[in-house]
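I opened a notebook for this structure. My entries follow in the order in which I looked things up.

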Amino acid sequence: MKTIELIFIYILFSCLTAFAEPYLFRGLTGADGLSDLTVTSLYKDSCGYVWIGTSTTVERFDGIRVKRYPIPGANEKLKWVNTICETSGNQIWMGNDMGLWQVDGDSLCRIEPDMIDEGVRCIRQGSDGTLYVASEKGLYLHKDGKFESRLIDPNILSSCNFIISLYVEEAKGRLWMVTRNGLYVMGIKDGKITHYPNTLVAEGEECSYRTMTCVGTDLYIGTMTHGILRFDMRTHTFSRYLDVGCDVIMALSSDGKNLMYVGTDGNGVHVIATQKKEIIHSFHNMPGKKPESGLRSNSVYSLLVDREGELWVGLYQNGIDYTVHQEHLFSLYKTSYFTSENISVRSVCIGKQEKLIGTRNGLYYVDERNRSVKRFGMPILRSNIILTCYALEDKIYIGTYGGGMYVFDKESKEITDFSKKDGAFTHNSVFHFASDKEGRLWVGTSTGVYCYENGLQVYHFDHKNSSLPQGNVYAVYFDSMHRGWICTENGIALWDSGSKIIKNDIFPEYFPYKTKVNSVYEDLRHILYFVPYKGNVFTSDLALKHVRELGPGTLLAGKEVRFITEGRDSCLWIGTNDGIFRRDKAGKYVPYGFASGIPDLNFLPCIPAVDEDGTIWFGNNKGLLSLPADWEQKRSKLPYAPRITGIRVNGLPASLPVRKGTVGDKVALEAEQNNVSFLFSGFAFSDPAYVAYEYKLEGVDNDWKTLYGKSEVEYYNLNPGSYVFKVRRMGETDTEAALAVDILSTSYPVVWVAIIVFCCFVTSVVFFYYRKKNRKTEPVVSAPSEMPVLPQEPALPADELVKPESNAVESAKEKYRTSNVSEAECKSIVKKLEKLMEEDKLYTNPDLKLNDLAAAVEVSTYTLSYIFNQYLNQNYYDYINEHRLERFKELVARKAHTKYTLNILIEKCGFGSRASFFRYFKKVTGITPNEYIKRFG
């Protein structure tokens, strides 16, 4: 039984090794822009776009946005997309039940409809450029711009002419074809066709073929009735292949090496190691299973393993599930006998072939020499929460939360109390250890700071017997000047090794010594970094003359920093509650998250450890992570450069051809088209919330700007001239994409406007001259006894609600100077008006007019105009827009911008157009809405 157990463990470990990194799935659905949720075909082109064939459309996904290409035609049943393929020049071809198509700009173009007037099932291209098109009425070859038809059987209605799938065997110059009548092969040069009957199916028995792929020298044919069939191209023999629990095989894909991916209609996806002929991984929709670790449906209609090894699964009526791209810069520590996965690592001590890992659930000792692991926890320990570990000489000291301090002996591998005589070390909390230049051990605890030498206490300081601030001692750190920084609950103190006194009255006034600091770090340039409990990290030189904050205006803004450490390249690694950031020598920050192999973005306040090889070990909320010293050489960079995938002009999409977005492209705009949004993608296919770019618009921005969590940049009110927009992945200067934009001058329209104004002026002069002349002969008419009814104030459209000039306000005051509305009435009307705004939110109606508001308040339009202009000293339009603006700020404060697009938020506030909103917002606040969201959202 023991031998069987060992064999089982070995097999299990072999499978886990093949899939050392976990799969993390994301979904692509209608909420992400996918217009049809039955995904029938998948293809990834050379630019990085994923092309999606559905039952009614072709769609393009860049990792951020979905672009739809509608299929013309009235018969929806014939739009089903069977295959997508790319040829040179990024020309995308598509075959559906109507025929053959090409992507042409923003639309689809039918190819040779007179010749290819039947369904196209598969498209493949040979190395010589020949395009092979498998149709329901034979094979078509496309080369040098010409199509040629080939029939397997002269009888066009023969079932063998209904070709389902193709495979081009380049090495031997053969084209393999799966038809309704089985398997055929054609010599590419001589055109000779050979049939290989399926010997596994009895005569007269139906076998419904669906798909085909190749691994090595074997063809694998997926059927809808007999599961997977294997055909050996050397021996020309058929055999039944592995049972995957479902005979309906909808899709097959291969990594080009040893692995085959099988998509079934009813039993999910299975990954097969073809050499071992065994399933090494399966993806199902299982009740109770985390959605990100499995599929949302077991009905798989299409499948793709792309060049980066990411898995794309097209589902029936559920869109797409795909594995997020991961560079695996960071590795989760796990072995065959221990895994740190899902363990909250709070402290770590790294040896040559041993690791001591402190967690919130005990202490783990991993002995890599003997391949064993030992856990220490309650009741052996008085607390399971291990706060700190520290190696000094031949011992490792362990600090716990509420359970005191322990010593781990490297030889005996046992743990004992540090001191049972001193009751403080059996029930206090021990937060940190450090050693001074004499090699003495310093201990930061909840009862002050202690110093020990050879196991004997030398000092014990607290707020009662020294200048140490009151409260827990969270950190003790000795800098290169041998000063001891002691960080407590209520501020910082310094241990002066010369006078042997703790001081806290030597700090300059500008030094934030009263801050609660969790850790201190000194880099190779002798800059000190202070990591506070809350707020921004601050730095100082050793002389305490130059103190500044890190965070404001950077990617660290709003994040809680947990630790800082330095790599061999003198760049800093900064762990936060929202990912880890690398700060290079120029002060630029590059974020790392899920795509870099980090299982959880929440890093704990665990002081990183560096081993002899230069590998840095980090404590994460879901395990112990390592980063090798040569990580830059080992990282798997994306083969795709960022691309500008589209633009919006004045809030509306503008056309960009598929191949646009590289250096040298240009867009020409009219003078009034001066509000431009640039859309782009880095094709990382990870979580869009953690993508990071650098960008600038030459002609506007002097330096590169950083962008985190967005793939879109807006510029407003651009002056006529030439601009170049550039974008690149953050930290990768060689991944630059650019788009030139020319905004034309308004010189010609201005001339015409000037001519029109001049003509109006001349006409007005002539008109007033004759009117003055005629007035002398007109009789004088006395004014009526009653005030005439003033005309209703015209209601401007909501997108034209702009603040009037000062002379217009004065004119309005003069107009209503004779009104007899009392101040008490004004107060009553304003109170009623505010109540309507607050409760009914009338301002959210973009078509709201002055007379509508007057009717709601139950006063005349004249009276309401008087209230605005005389009592409130603002016009109607400013009053309404002011409430709309406050509503927008309220929505941002509630994080509504994380759920809705900016356009939807604008509509919810009542603005009639995006342009007027941006214009009014900038005029009132002095910043753009996007800047406001970044600052306060």
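I began with terms: helices (H or I, at least four residues) and strands (E, at least two) are DSSP runs, numbered from the N terminus. The model is predicted, so I noted that local features need pLDDT of at least 70, that side-chain atom pairs count only at pLDDT 80 or more, and that totals for chains, interfaces and linings use all residues. Residues are numbered from 1 along each chain as its sequence is written, and side-chain values use heavy atoms, with hydrogens and water left out.

**Entry: the whole protein**

I looked up the secondary structure. The protein has twelve helices and 65 strands. Next I looked up burial. Buried means under 20% relative accessible area, exposed means over 50%, and partly exposed is in between (1.4 Å probe, protein chains only). Of the 937 residues in the protein, 50% are buried. I then turned to the surface. Accessible areas come from the Shrake-Rupley method with a 1.4 Å probe, and for residues only the protein chains shown count as cover. The protein has an accessible surface of about 45,300 Å², and carbon and sulfur atoms hold 51% of that. Contacts came last (heavy atoms within 4.5 Å). Among contacts with a separation of 6 or more, 50% join residues 24 or more positions apart.

**Entry: a cis bond and a salt bridge in one loop**

I checked the loop between β33 and β34, where Pro379 is found. The peptide bond from Met378 to Pro379 is cis, and its omega is near 10°. I also found a salt bridge (a side-chain nitrogen of Lys or Arg within 4 Å of a carboxyl oxygen of Asp or Glu). It pairs Arg382 with Asp417, and the closest N and O atoms are 2.5 Å apart. Arg382 lies in the loop between β33 (372-376) and β34 (386-392), while Asp417 is in strand β37 (residues 414-417), so the pair ties together parts that are 35 residues apart in sequence. Arg382 is partly exposed, at 31% relative accessible area.

**Entry: other salt bridges**

How many salt bridges are there by this rule? I noted a count of 39. One of them joins Arg121 to Glu136, with 3.3 Å between the closest N and O atoms. What does this pair tie together? Arg121 sits in strand β10 (residues 120-125) and Glu136 in the loop between β11 (131-135) and β12 (138-143), so the link is between parts 15 residues apart in sequence. Arg121 is partly exposed at 25% relative accessibility. Glu136 is partly exposed too, at 22%.

Are the two partners buried or exposed? Arg440 counts as buried, at 10% relative accessibility, whereas Glu438 is partly exposed at 44%. I also found a network of salt bridges that links Asp218, Arg230, Asp232 and Arg234.

**Entry: Leu329**

I went to the loop between β28 (320-323) and β29 (331-332), which holds Leu329. Leu329 is buried, at 3% relative accessibility. What does Leu329 touch, leaving aside its neighbours within four places in sequence? Its contacts are Tyr592, Ser596, Ser626, Leu627, Pro628, Trp631 and Arg635. I also checked Ala595: its C-alpha atom is 8.8 Å from that of Leu329, though the two are 266 residues apart along the chain.

**Entry: two residues with positive phi**

Gln317 has phi near 60°, a positive value in a residue other than glycine. I placed Gln317 in the loop between β27 (311-315) and β28. Gln317 is partly exposed, with a relative accessible area of 49%. Asn873 is not a glycine either, and its phi is positive at about 55°. Asn873 lies in the loop between α8 (861-871) and α9 (876-893). Its relative accessibility is 49%, which counts as partly exposed.

**Entry: surface patches**

I noted the rule before looking. Patches are made of residues with over 30% relative accessible area and no salt bridge; like charges are joined within 9 Å, and nonpolar side chains (Val, Leu, Ile, Met, Phe, Trp, Tyr) within 5 Å. Leu151, Ile156 and Leu157 make a nonpolar surface patch of about 300 Å². Leu157 is in the loop between β13 (146-150) and β14 (163-169). Leu157 is exposed, at 73% relative accessibility.
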